[in-house]
Every structure is written in structure tokens, then in C-alpha cells.
Amino acid sequence: MRIKSLVDFMQAIIDLEDKPGHLKLFRGVSDHKYKLLPKIARKSKVLNDQHSLINAEEFMIERAMTNNPDLFSEMRLPIQKIIMLQHYGLDTRLLDFTSNALVALYFACQKNSRLADEERDGKVYIIQKSKLDIKTSFDPFINAIADMSYASRNIITADIHMEEFALYLSYLETRDYWKFPNYANAE
């Protein structure tokens, strides 16, 4: 759908069907041709495989923690480190969504510095997800994914073996992010 004005945009959002128990999430991009990829995957031509991307991100985390230990001193969860990097503009594997359609529209209307001489239409992606499927940064599953750099360095390969996977699961059980008493209410 092509939107020509703020009024058109707001009407389109209002007209969206609400699914019971679902949440609408929005993402605005400044070029309608952009795919839904995190910044680290969009910008890197050299890092073309998943393990290289995770290793590059881990290097950034380690470097940031070495250079700014006070900034990271209170962070217990792996995802918190990645969120902090994203906040300061570093390339991560996070992909931001918002529950506010106007925030997404703002990003869709931003001029793309890479395409400064060209006019490009932005795009707002809209998804509806069951509230039960949405995870918070306290969720152990999210933190296990955020801690993938360990797996990529130590055990996970393209040809993963069950013994290696069991080793990774036992490693995860030692991590602090599994020890919160109630993930659903920890906000």
C-alpha cells in the first residue's frame, strides 16, 4: 500500500485488523528495497556466514567491555551487552521493532545518507505476533541466542553432533540468566 500523507498512514494503521491476544509491531526503513536484516548482516560484504558475523559481534563486545568497563559492569545478561552496543550505533544482529507506528514512520522517512542523491521511498513493516510468542530480554531463550558467540567459538559447527549440543546445553545451565525466579514478571 502506498501512503501519501500522515493522515493516510494513521488511517491505514487504524484500519488494521486487531487479532485478540496479539501485538502489532512496526519497523521503519528508509529504503523500501531493504530486507529485514540486522545491520551487521546488511553492511558486511566480507562477513558472509553466520559464524563470522557472530564472531565479529563478539569481538565488538569484548573490545567495548575492555575500553569501557564501567559501562558494562552492571550487565549480567548477554543480551544487555548487545543492546548497549546497538544503542551506541554499533553493528549487531538485533533488529529493532516498535509498538509505536509513528516511531516506525519516522525511521521510514529519514533520508538515507548512502543514497543522498536519490529519492527513495521508505517502508513500514507491520507484523502481528501472539503476545505469548514475544520474548523479553529476561527470557533464557533470548539470552541463549545472545550467548551464541560461545557456541560459535567452541562447539557449534555446520555439522553439529548430538554430543556437542549436549555440551552446549550443559554450558547454558551454568549461566546466570537461567537463574531468575520468574522470567515472565521480571521487568
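The structure is a predicted model, in which local features need a pLDDT of at least 70 and side-chain atom pairs count only at pLDDT 80 or more, while totals for chains, interfaces and linings use all residues. Residues are numbered from 1 along each chain as its sequence is written, and side-chain values use heavy atoms, with hydrogens and water left out.

The pLDDT is the predictor's confidence in each residue, from 0 to 100. For the protein chain its mean is 75, and 68% of the residues reach 70 or more. Helices and strands are named here from DSSP runs, numbered from the N terminus (helices: H or I, at least four residues; strands: E, at least two). Confidence is highest in helix α6, at a mean of 94, and lowest in helix α8 (residues 148–154), at 54. Two stretches have a pLDDT below 50: residues 154–160, with 13 contacts beyond near neighbours in sequence, and residues 177–187, with 24 such contacts. A contact means heavy atoms within 4.5 Å. Where pLDDT is low, the predicted coordinates should not be read in detail.

The interior comes next. A residue is called buried under 20% relative accessible area, exposed over 50%, and partly exposed in between (1.4 Å probe, protein chains only). A nonpolar core is a set of buried Ala, Val, Leu, Ile, Met, Phe, Trp, Tyr and Cys residues joined through side-chain atoms within 4.5 Å. The largest such core has 13 residues, and F72 and L85 touch the most other members. Helices α3 (50–67) and α5 (78–87) each supply at least two residues of this core. Leaving aside residues up to four places away in sequence, L85 touches M60, I61, A64, F72, L90 and T92. Apart from this core lies another, of 6 residues, including I13, F26, A101 and L105.

An α-helix has 3.6 residues a turn, so residues three or four places apart point the same way. Just after α5, G89 takes a positive phi of about 90°. Another helix, α7 (residues 140–146), contains I142, and I142 touches I79, K135 and T136 when residues up to four places away in sequence are not counted. With a relative accessibility of 22%, I142 counts as partly exposed.

The largest share of the patch, 3 residues, comes from helix α1 (residues 6–15).

Charged pairs complete the picture. A salt bridge is a side-chain nitrogen of Lys or Arg within 4 Å of a carboxyl oxygen of Asp or Glu, and a search of the whole structure finds 3 of them. One joins the side chains of D121 and R2 (2.8 Å, N to O). This pair links distant parts of the chain, 119 residues apart: D121 sits in the loop between α6 (101–108) and β2, and R2 in the segment before α1. D121 is partly exposed at 34% relative accessibility, whereas R2 is exposed at 58%.

A further salt bridge brings together D31 and R120 (2.7 Å, N to O). Here too distant parts of the chain are linked, with D31 in the loop between β1 (22–29) and α2 (39–43) and R120 in the loop between α6 and β2, 89 residues apart. D31 is buried, with a relative accessible area of 3%, while R120 is partly exposed at 26%. The side chains of K24 and D18 also meet in a salt bridge (2.1 Å, N to O); K24 is buried at 15% and D18 exposed at 58%.
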